[in-house]
Amino acid sequence: MNENYYLVLAAILFAIGVAGFLTRRNALLIFMSIELMLNAANLTLVTFADALGDLTGQIMAFFVMVVAAAEVVVGLAIIITIARSLHTASIDASSWLRR
Amino acid sequence: MIGMTVSLTAITFWVCAPIMVVLGFGMVLARKVVHSALCLAGLMVALGVLYASINAPFLFVAQLIVYTGSVMMLFLFTMMLIGVDTADELKETIKGQRVSAIVIAVALAGLLGFTVLHAIVGQSGGLSVINNAAGGNAQAVAQLIFGRYAVAFEAASALVITAALAAMVLSHAERLTPKERQRERADRRVRQFASDALPVAPDPAPGVYARHNAATYPALLPDGTAAPGSVAPALEARGQAVLAEPALKLPAQSLHNRLAAQATELDGQPRLMADLPDAAPALTAKADDAEDQEAAK
């Protein structure tokens, strides 16, 4: 089994996340795309850990998970706060800060 | 033995990878946010399976618990709070953004894919030896986390606690009006009874003394009529509430008629209470109406 295929899969997933991040206008979907990109990076780390015989990659993936969980909690709290006043999750609506 | 392990890993990969790519496209392309979230949850499960197949069982479990268990449920919870049916706006706010975004994504996938295609050279392996030396993957990871990376682990725990506090502070909304508690509610009811003669007691529940305890049957007053306010207004507005009076009175009346007949047999002379109108024709008329409605449908 050629382990480079895992890296290619991670690259594809990362690109899908980038596409979702750039095309969708819903704040929740943008957050999910970021999660997908983080997961793709995690897959790369775990693959290299396996390929190089070094557990440090798995530790890094673990810390990425912890930080991602914290990031999601804060981000969703902000989305809820904005949605409570604007009644929408669209990121285009948040330009009211400019006015 | 080695060959079999490798082929099992390959099978896992070739089963999971297409599923993950399809679910990823589903996440980006789905109109509704809920469908996107479910696609992402499935993708994360498949990713966890891949972790398990490449010597990372601890991360497999962590992935299931942290990502599909908490993060995705947090997403669904947020969706419920701000409205599940918030479909994405399809209007482009920046001209040509979508096309350029797709071009960028495809270019990035090509670039990354070709870059990493030969990144790993040589035979894989060695990690299972490390795992087995420590007595398992979880033990090996734990030795590193609580050994070399203990400080980073503590910092991560501080980060997570701070994030929990931040979520509470950010999503907290101050009450604009004082909350009405039991004492205030009782006082208000008595005041309204004094001023507007509104009932002090709560509204009767649907189905009290009625022939059926379904939510569509109103509570009955002593004279057999429907108690106002005992059926939810939405059911009344939809026409689902059973408010036809003769139908409501029918069970009590038939019981009454039977008792009256028994009394007549016993006493030899009829008692009172026979002045209630016969409700049976009304009920059959109602049944006919229902049949007509069925036929109309």
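Reply: What follows is a close look at helix α6 of chain B and its two contacts described here. This is a predicted model, in which local features need pLDDT of at least 70, side-chain atom pairs count only at pLDDT 80 or more, and totals for chains, interfaces and linings use all residues. Residues are numbered from 1 along each chain as its sequence is written, chains are lettered from A and ligands numbered from 1 in the order in which they are written, and side-chain values use heavy atoms, with hydrogens and water left out.

Helices here are DSSP runs of H or I with at least four residues, numbered from the N terminus, and α6(B) covers residues 137-145. Helix α5(B), residues 127-134, packs against α6(B) at an angle of about 85°, with the axes 7 Å apart, where axes are lines fitted to C-alpha atoms over the stretch in contact and angles run from 0 to 180 degrees between N-to-C directions. That makes the pair roughly perpendicular, a term for angles of 65 to 115 degrees. Contact means heavy atoms within 4.5 Å, and by this rule Ile130(B), Asn131(B) and Ala134(B) of α5(B) meet Asn137(B), Gln139(B), Ala140(B) and Gln143(B) of α6(B).

Helix α3 of chain A, residues 56-86, also comes into the picture, since its axis and that of α6(B) come within 10 Å and cross at roughly 75°; these two helices are therefore roughly perpendicular as well. Here Thr56(A), Gln58(A), Ile59(A) and Phe62(A) touch Asn137(B), Val141(B), Leu144(B) and Ile145(B).

Note on methods
Parallel < 35°, antiparallel > 145°, perpendicular 65-115°, else oblique.
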